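Dear colleague,

I am passing on the structure below, followed by my notes on it. Please read the notes with the coordinates open.

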Amino acid sequence: MNATTRRDALVVGGGVAGLTAATFLSRAGLDTLVVNAGESIVRRNAHLENVPGFPAGVNSRLFTDLLDEQASRAGAETFTGRVVGLDVLGTDDDPLFRATVETDDETVELTATRVVAASWADASYLEATGAELRQAGSKTYVDVDELGRTSVPGLYAAGRLTEIYHQTVVAAGDAAETAITLIHDSETPFYNDWVAPEGYFTERGREVPPACEEIDAAERERRETESREVMREFFSERHPEPQRTHPSLVDDELGRVDE
């Protein structure tokens, strides 16, 4: 990763919300970097039972691995570190942010035109931005409008950090909507993230809208074959990582259970 590269979008947090946002942003052509420290809290779940597309549920660690793979395939990069500060460098009309990130070995500074805060439950790095934060016991939430915008132009928030329902599919949907809002705000041409069969638009005398594509039967078969192969590989064996629980219950910072 080149720390000097100015990114189109910086996503803070690599959980369900962060990786979903990164997938949509990257597929729209935005240069997207996900900064993540630690593990998503969803990995503590014993078995996800209510995520669409998994009739018998799915291992939570496997599910987040799938999200990571999807974001990576879309073009997003991931950087391991904790964002400890976020400074507003730009203006309302020309946003720019500088994130200070601590890793195990160093402190680096990253710049991005727009930022999506999707970390849970850390929001301390947002204090200097002027975003409206709300304390609720030990938790800090970020105030956003109905589409994920904070009070700071160019700064967005998604997922549990915005006090939405604490459900995986809700976090994913919220992050997708926030990402699309960012895409529109950046004036990136975008109609719908949709892959259509050949001729769907063009044979009706229409141009293929931005962010859409038409594919022929051969390309459709190639993608379906690749999809089956990827899913078979992910589900071929039991997930190697142990079950997690709340870290306060075991002598392990990740909450790993002896099995």
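Which residue stands opposite Arg134 in S8? That residue is Tyr141. Before going further, please note that this is a predicted model, in which local features need pLDDT of at least 70 and side-chain atom pairs count only at pLDDT 80 or more, whereas totals for chains, interfaces and linings use all residues. Residues are numbered from 1 along each chain as its sequence is written, and side-chain values use heavy atoms, with hydrogens and water left out.

Strand S7 (residues 133-136) and strand S8 (residues 139-142) run antiparallel and are joined by four bridges; strands and helices here are DSSP runs numbered from the N terminus, with at least two residues (E) for a strand and at least four (H or I) for a helix, and two strands pair if DSSP finds at least two bridges between them. S7 and S8 form a hairpin with two residues between them, and Gly137 in the turn has a positive phi of about 65°. The C-alpha atoms of Glu127 and Val108 are separated by 19 Å, and the two residues are 19 apart along the chain.

Glu163 has a phi near 70°, a positive value in a residue other than glycine; Glu163 is found in the loop between strand S9 (155-157) and helix H3 (168-185), and counts as partly exposed because its relative accessibility is 40%. Ala211, also not a glycine, has a positive phi of about 75°, and is found in the loop between strand S10 (194-197) and strand S11 (212-215). With a relative accessible area of 31%, Ala211 is partly exposed.

A nonpolar surface patch

Tyr165, Val169 and Val170 form a nonpolar patch on the surface, with about 300 Å² of accessible area together. Patches are made of residues with over 30% relative accessible area and no salt bridge, with nonpolar side chains (Val, Leu, Ile, Met, Phe, Trp, Tyr) joined within 5 Å and like charges within 9 Å; a salt bridge is a side-chain nitrogen of Lys or Arg within 4 Å of a carboxyl oxygen of Asp or Glu, and accessible areas come from the Shrake-Rupley method with a 1.4 Å probe, where for residues only the protein chains shown count as cover. Val170 is found in helix H3 and is partly exposed, at a relative accessible area of 31%.

Aromatic rings

Rings of Phe, Tyr and Trp (its six-membered ring) pair if their centres lie within 6.5 Å, and planes under 30 degrees apart count as stacked, over 60 as edge-to-face and the rest as tilted. By this rule the count comes to six aromatic pairs. One of them is the edge-to-face pair of Trp194 and Tyr200, with 5.0 Å centre to centre and 75° between the planes. The rings of Tyr200 and Phe201 have centres 5.1 Å apart and planes at 75°, so this pair is edge-to-face. Tyr200 is partly exposed at 34% relative accessible area, while Phe201 is buried at 1%. Ring pairs also link Phe54, Phe63 and Phe235 into a cluster.

Arg204 lies over the face of Tyr200, at 4.9 Å from the ring centre, where a charge sits over a ring if NZ of Lys or CZ of Arg is within 6 Å of the ring centre and within 35 degrees of the ring normal. Arg160 lies over the face of Trp120, at 5.3 Å from the ring centre.

Definitions and conventions:
Buried < 20%, exposed > 50% of the residue type's maximum accessible area, 1.4 Å probe, protein only.
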